[in-house]
Amino acid sequence: MPADDTTDKEHQDDDLTLRKPESQDGPRVHQLIAECKPLDENSVYCNLLQCTHFADTSVAAELDGDLVGFISGYLPPKQQDTLFVWQVAVHEKARGRGLAKRMLAALLERDEATDVRYIETTITPDNEASWGMFRSFAYERRMPTEEFILFDSRLHFAGQHQDEHLLRIGPFNRDDA
């Protein structure tokens with residue numbers, strides 16, 4: 001694959017394309033996240049950074065030219081074997097296709113994820129869609145999981161946000177992911 005080709009070719013079907021995000025996707029990502037409640041909205045600038053600085057560990061999904069899915073992730077500096085998934089957004093018109101799990105699998109198949117043995121994410125207790133997607137992803141691949149409160153509502157959010165539970169998937173062999 002040429003160095004400038006950012007499409008995950010093995011993750012294309014007739015109308016859905018998974019690819020690395022690009023700088024011009026920033027505003028589109030911002031709009032997508034705004035339409036995917038209960039996700040926390042960040043600034044467009046933050047989304048631009050996700051689409052550029054973290055492009056190798058993020059994925060954009062397009063359906064007929066529209067941005068319908070996005071996962072932002074990164075490798076924490078002191079945990080190079082861990083993909084931390086910041087947000088998963090799937091537009092309502094692309095739901096029911098297993099898109100979130102397909103995007104996550106595409107991330108794990110990239111060369112940049114060669115050393116990844118864990119997936120981590122934080123989820124609020126009431127976000128049933130996220131819990132379901134991540135648990136299903138792990139279960140289908142027989143990956144172990146563990147969870148605990150990472151950010152406490154009162155201690156870390158001054159009561160302005162729900163607890164954020166860390167869900168850790170792994171360890172796993174990337175070839176089995």
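I began at aspartate 66, which is partly exposed, with a relative accessible area of 36%. My cut-offs: buried is under 20% relative accessible area, exposed is over 50%, and partly exposed is in between (1.4 Å probe, protein chains only).

I note that this is a predicted model: local features need pLDDT of at least 70, side-chain atom pairs count only at pLDDT 80 or more, and totals for chains, interfaces and linings use all residues. Residues are numbered from 1 along each chain as its sequence is written, and side-chain values use heavy atoms, leaving out hydrogens and water.

**Salt bridges**

I counted a salt bridge where a side-chain nitrogen of Lys or Arg is within 4 Å of a carboxyl oxygen of Asp or Glu. My search of the whole structure found 14 salt bridges.

I looked up the partner of aspartate 66. It is lysine 93, with the closest N and O atoms 2.6 Å apart. This pair links distant parts of the chain, 27 residues apart: aspartate 66 is in strand 4 (residues 66-74), and lysine 93 is in the loop between strand 5 (82-90) and helix 3 (99-109). I took helices (H or I, at least four residues) and strands (E, at least two) as DSSP runs, numbered from the N terminus. Lysine 93 is partly exposed, at 44% relative accessible area.

Next I checked arginine 168. It forms a salt bridge with glutamate 120, and the closest N and O atoms are 2.3 Å apart. Arginine 168 sits in strand 8 (residues 164-169) and glutamate 120 in strand 6 (residues 118-123), so the pair ties together parts 48 residues apart in sequence. Are these two residues buried or exposed? Both arginine 168 and glutamate 120 are buried.

Then I turned to glutamate 62 and arginine 28. Their closest N and O atoms are 3.2 Å apart, in a salt bridge. Glutamate 62 is in strand 3 (residues 59-63) and arginine 28 in helix 1 (residues 26-34), 34 residues apart. Glutamate 62 counts as buried because its relative accessibility is 17%. Arginine 28, at 29%, counts as partly exposed.

**Surface patch**

I found a nonpolar surface patch of about 270 Å², made by Val44, Tyr45 and Leu48. Patch residues have over 30% relative accessible area and no salt bridge; like charges are joined within 9 Å, nonpolar side chains (Val, Leu, Ile, Met, Phe, Trp, Tyr) within 5 Å. Valine 44 is in helix 2 (residues 44-52). I logged valine 44 as partly exposed because its relative accessibility is 33%.

Methods
Areas by Shrake-Rupley, 256 points an atom, 1.4 Å probe, with all protein chains shown as cover.
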